[in-house]
Structures are given as structure tokens and as C-alpha cells.
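Got the viewer open and ready to click along? Let's take a short walk through this structure, one selection at a time.

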Amino acid sequence: MKPVAFDYYRPEALSETVALLADKGDEAAILAGGMTLGPMLNLRVVRPHSVIDISRIQALKTISVAGNVVITGAGLTQSEALRSERVAREVPLLAMALPWVGHFQTRNRGTLGGSVAHADPSAEIPLALVACGGTVVLQSRRGKRRLAAPEFFVGALVTQRQADEIVTALEWPRSPPDAGYGFTEIAQRHGDFAIAAAACSVRLTNSDRVERLAVGVGGVEDRPIAIDVSGFLGQAAGDIPANLSAHAASSVTPMEDRSASADYRTALTKVLVERVVNSALDMARLQRARLQ
Amino acid sequence: MTILYRAAGARFTLEVTLNGQRRSGQAEPRMLLCDFLRHELQAFGVHVGCEHGVCGACTILVDGIAVRSCTQYAAQADGTDIVTAEGLAQPGTLSEVQRAFAKHHALQCGFCTPGILCSVAHFLRETPEPDEQRVREMLSGHICRCTGYTSIVNAILEAAATMRKGS
């Protein structure tokens, strides 16, 4: 199994990368960790004329904070993000999602930006980004633009990224200290593609009512989706897990493939949403108790 | 700042440190790192299984990090420090992990073993006191069709305990 012959470019700076993309974007593939592009090249699912290797661009491997967001460079490996105390403290939902991403050996090379740019419907990092209300930062020679995650993901392996653009960073809202989170998924084997995954973030008032809430579902539709939860704001927290999970299950239009039927994905949506909502509520109550 | 360029199909000379020695060989851009290590540098401890990052047989250490060598390209590896199964212990000796694998019958056909040994080297450096669950999570990145994994888990746990005592 060998890829087609390709021209190999390894820029050391972002400016060089966007210049290359402006010139060759239509027939180039951007190679970061290669945990997805590698298999696709080897299986000849993709046959690019050029491969642009961004894995040595140090400027893409940073974690920084600007105002209310944590900015993770697109080239940061999943292992590096998982080891980051800042990610654990300020983006807990990402920290919860990462152990589900592939395996130890693939996380050592796979990147945050690569997973988002590839946009597999069942991928965990895109789901966490959607459920956090995060943003994708793109750059080309035409300039820089930022897209809200739900807008960025268009369909299976399809995003708003144009051929001359590169995903340079992800922006994650910094978690308030009283927030609670939950993440879980079902796959045939740990590390395999999720048949369904769910994520939740929640904040509660002192009287245990829902103040802020977000629920995302991955692997069910052709992209990670945010469930409309506006009807649950202000409700007593104890009432929401059962109702919200039923609402989520009735609002998805599931895919059907060899690993699961649409009905099974609907059933999983209900079960997984209930689990993540319960986990998030437990964590929010615990955080509130700790802060009082 | 410069852009390194390698033309499609054109062979170039590549230099890496392999198991402590400076080595060089010929590659073209599409050559997988695992093929470069086997065909050019005769590192036959790199086993090539699925060639798309799933089975873990080709796992090696690049700059100390356990990674697949089938989903990266030789062109990416110039200047790196690579360790394969051959470099995990001095020739003629066994590492603690290798000794434990032998004792616990943690291999039968042995095809998956070199990759697992490389993973374990990195894993135990980061996680010197793993419990069974952590070991099994790490092992989920390797497919072994002989052992049923239990003997591998036992070997890794024992080796970790021995290494803690020794250090």
C-alpha cells in the first residue's frame, strides 16, 4: 500500500505555508500528524499532487490565553493537549474528550487542528468544540477569519475551509469555575470511530436551576451538532436529564451505516445524552459546593 | 526560513540517528518511514502490518515518543532520533520489559511484539506506576491475535514494579 507519488514541501513558517497554499491549494494536502491523512494517502483515497508538511512549524504548537478564550495551536498534538494543565483547568470538556481520541500511540502524533480540519462526523474534538461554543481560526494569503464551530462543519469530511486556507488555531471559551461537563461515547472497540458520542456543559444557579446549557451529539448526523436546548433554561436541574435526552433523540436525523442503524443511533442519542447531562450536573453541583 | 522541497519520484539522501548510530539511506517523498527503516537501514524489528495506523505493529520511538511508522513518511524524519525494538536493550541482553514478556509468555508468533515493546518504553517513562486499566488503554493501540492480552498486561505490570524497585 503506497501513496501516489507527490511533491513534498516542508515549510517552517506559517507565511510560507499560506504562500504555498495560494499557489497549490487546489491539488495540495496539508499534512500535520498524518493520523488521518496518512491512511487516506496509503489507501489512495486521496491523490494529491503536493503534500505540505506543517509538522515542524513551532508557531502552531502553542497554547495561549486571550481574554476569555484559550487558544490551542492547530499543530498541538492530542497528547500535548492532554498533558496540559491549562487545558485540564480551563477547557475541561476537551480534556474529557481527548482520552477517547484514537489511542496513546496515535494521540502522540495526531493534532487538534488536523482532527477539526478533517471533520470526521464521529470525531471527538470537533464535537467538544461545538459543545463548548468554540471557534475555528483560518488563515490564507487573503487574510484571517474566524468561524463558529457549528458553522465550520458542513458535512462528512466537508468544512468551510477553502483550498487556500489552513486551520491555524482553535479558540475555546475559558471555563467558569462553577461549570460542569460530561463526555461519553459508544464505539465497537476503545479508540475506534464512535457510533455515537455526546457532550454537555452546564452552569446552575444557587437554587439548582439551569442557567447555561449546551448539548452536542457526534457520530449521529454527518457532522457534530448542537441540540437546541433553549426550552430547558431556567428549569429545575433535577427535571432535565430525562426530558432533555428524549428531546435530543427526537431532534436528530441519524445516519445509517454498517456499524449501526438509524434506530440504534437514535436510541444511543437518548442514552448518551442522559449520561452526559447527569455527569455534567453532578460536576456542576460539586464545583458549586466547593466554591461556597 | 526556507521551504524544504523534495520532488515527486526523485530520490534523496536522508540521515537519522537509529538506535544510537548516525545512519543514512535513500528515500523518495512517498516512501513510508517503516519501509525506509526496513529496506534502507535493515531495521527488521519494524514490523509492517496494516499500513494505515490501526494495528500498531510498526510502532517505533521517534525522539522518545511512541508513534506509528506507517502513517508518516521518511522525508519527515530527517534529523530525528529513532529507536526500534533492536535498540531497546544492549545487544545480547534483555530489558526488564523483554525479560517479563519472556517469563509471562506475552508473545506467541511475535509479530506484534516489537511495536508493543516500543510503546511500553514510552508509556512506562510517562506512567511508571500504571494500574491494569491504564495498561489496557495503552495496549488498545496494538492488535495481538495470539495472546488474548492478559499475559502482556501481566508482563508490563511486573516489569513496571521491577523497574520501580531498581530505580
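Start where the two chains meet: select chain A and chain B together, and you'll find 30 residues of chain B in contact with 30 residues of chain A. Contact here means that the C-beta atoms of two residues, placed from the backbone, lie within 7 Å. Before going further, note that this is a predicted model, where local features need pLDDT of at least 70, side-chain atom pairs count only at pLDDT 80 or more, and totals for chains, interfaces and linings use all residues. Residues are numbered from 1 along each chain as its sequence is written, while chains are lettered from A and ligands numbered from 1 in the order in which they are written.

Now colour the chain B side of that meeting place. At least two residues each come from β1 (4-6), β5, α3 (113-126) and α4 (132-139) of chain B. (Helices are DSSP runs of H or I with at least four residues, strands are runs of E with at least two, and both are numbered from the N terminus.) By type, this side of chain B holds 13 nonpolar, twelve polar and five charged residues. Nonpolar covers Ala, Val, Leu, Ile, Met, Phe, Trp, Tyr, Cys and Pro; charged covers Asp, Glu, Lys and Arg; the others, Gly among them, are polar.

Zoom in on β1(B) next. Strand β1 (residues 7-10) of chain A runs antiparallel to β1(B), with three bridges joining them; strands pair if DSSP finds at least two bridges between them. Click Tyr9(A), and you'll see Tyr5(B) opposite.

Stay with chain B and show the whole chain. How many helices and strands does chain B have? There are five helices and six strands, in the sequence pattern β-β-β-α-β-β-β-α-α-α-α. Then colour domain 1 (12-87) and domain 2 (96-166) of chain B separately; the bounds come from an automatic or database domain assignment. Their C-alpha centres lie 22 Å apart. Where they touch, domain 1 of chain B gives 16 residues and domain 2 of chain B gives 13. On the domain 1 side, β4 (60-62) and β5 (65-67) of chain B give two or more residues each. That side has ten nonpolar residues, six polar and no charged.

Over to chain A. Select β4, β5, β10, β6 and β7 of chain A: these five strands form an open antiparallel sheet in the order β4-β5-β10-β6-β7. β4 (63-66) and β7 (143-148) of chain A sit at the edges with a single partner strand each, so one side of each has no neighbour in the sheet. Inside the sheet, five bridges join β6 (residues 135-140) of chain A to β10 (residues 166-173) of chain A, and Val137(A) stands opposite Ala169(A) in β10(A).

Last stop: Ala119(A), in the loop between α7 (112-118) and α8 (124-132) of chain A. Phi of Ala119(A) is near 60°, a positive value in a residue other than glycine. Is Ala119(A) buried or exposed? Ala119(A) is buried, with 22 other C-beta atoms within 10 Å. (Buried means 20 or more other C-beta atoms within 10 Å of a residue's own, exposed 12 or fewer, and partly exposed in between, with C-beta atoms placed from the backbone.)
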